[in-house]
Amino acid sequence: MKKGKTAVASLLIVLVTLGLDQWTKWAIERSIALNDSVEMIKHFFYLTYVRNTGAGFSMFAGAGMGFFAALTIIALVGMVYMFFKTDDSRYQICLSLVFSGAIGNFIDRMTLGFVRDFFSFYIFGYPFPVFNVADICITVGIALILISMFICYLVLLLHMIFLIIRFLI
């Protein structure tokens, strides 16, 4: 994908996913009372409105707003730097997802003092931490970056093996 098209696609991804994140949080906050659940799929999927004062899965819950503000700003600046440093459009698209998720949760933290989470799953009867659309964007973006890196290293390894075999024959 050409650089201009990638920038436009990335901006659209950020705007759409950020809008979806903020809209779903708004809708849940108005539809479900704090700490209440609505069962969507019996014994598996619930919409549960909770407030998370920590990071992913409530880590660093007592760290304070300054810590999260500094950490998020550093991460956002790093992502913008990496976005413009690379020519790999796939990497830029993945960074756009992570960027959007970070901004979505940052907006909540700075305006409300907490992040609104609501997707709740029970996997084999055990609760998975409650999360939101921003968390999905961050997770999918990072997962795609890792998969892409794995594929690149796998291709490189196979190429090296091919060269060694060719040299030996």
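T24 counts as buried in this predicted model, at 11% relative accessibility, where buried means under 20% relative accessible area, exposed over 50% and partly exposed in between, for a 1.4 Å probe and protein chains only. The residue lies in helix α1, residues 3-31. Leaving aside residues up to four places away in sequence, T24 touches F118 and V133, a contact being heavy atoms within 4.5 Å. Helices (H or I, at least four residues) and strands (E, at least two) are DSSP runs numbered from the N terminus.

In this predicted model, local features need pLDDT of at least 70 and side-chain atom pairs count only at pLDDT 80 or more, while totals for chains, interfaces and linings use all residues. Residues are numbered from 1 along each chain as its sequence is written, and side-chain values use heavy atoms, with hydrogens and water left out.

**Helix packing**

The table lists three helix pairs with their angles and axis separations. Axes are lines fitted to C-alpha atoms, for helices over the stretch in contact, and angles run from 0 to 180 degrees between N-to-C directions.

| Helix pair | Packing angle | Axis separation |
|---|---|---|
| α1 and α3 | about 30 degrees | 9 Å |
| α2 and α3 | about 160 degrees | 10 Å |
| α3 and α4 | about 155 degrees | 7 Å |

Angles under 35 degrees count as roughly parallel, over 145 as roughly antiparallel, 65 to 115 as roughly perpendicular and the rest as oblique. A crossing is left-handed if the near helix is turned anticlockwise from the far one by less than a right angle, and right-handed if clockwise.

Helix α1 and helix α3 pack at an angle of about 30 degrees and are therefore roughly parallel to each other. The crossing of α1 past α3 is right-handed. By class, the contact of α1 with α3 has nine nonpolar, 10 polar and three charged residues; here Ala, Val, Leu, Ile, Met, Phe, Trp, Tyr, Cys and Pro count as nonpolar, Asp, Glu, Lys and Arg as charged, and the others, Gly among them, as polar.

Helix α2 spans residues 65-85 and helix α3 spans residues 89-112, and the two pack at an angle of about 160 degrees. That angle makes α2 roughly antiparallel to α3. Their crossing is left-handed. Among the α2 residues in the contact are M65, F68, I73, L76 and F83, while α3 contributes residues including Y91, L95, F99, I103 and F106. The contact of α2 with α3 divides into 17 nonpolar, three polar and one charged residues.

Helix α4, residues 133-168, packs against α3 at an angle of about 155 degrees, and α3 and α4 are therefore roughly antiparallel to each other. The crossing of α3 past α4 is left-handed. Residues of α3 in this contact include C94, L97, V98 and G101, and those of α4 include C137, I138, G141 and L144. Its residues comprise 13 nonpolar, four polar and one charged.

**Cysteines**

A disulfide is a covalent bond between the sulfur atoms of two cysteines. With a disulfide taken as a pair of cysteine sulfur atoms within 2.5 Å, the count is zero. C137 is in no disulfide, and the nearest cysteine sulfur, that of C94, is 12 Å away. C137 is buried, with a relative accessible area of 7%. C152 is likewise in no disulfide, the nearest cysteine sulfur being that of C94 at 11 Å. C152 is partly exposed, with a relative accessible area of 45%.

N35 lies in the loop between α1 and β1 (37-41). Its phi is near 70 degrees, a positive value in a residue other than glycine, and N35 is exposed, with a relative accessible area of 55%. H43 is found in the loop between β1 and β2 (45-52). H43 has a positive phi of about 60 degrees although it is not a glycine, and H43 is exposed at a relative accessible area of 57%.

M149 is found in helix α4 and counts as partly exposed at 39% relative accessibility. The C-alpha atoms of M149 and N52 are separated by 31 Å, the two residues being 97 residues apart along the chain.
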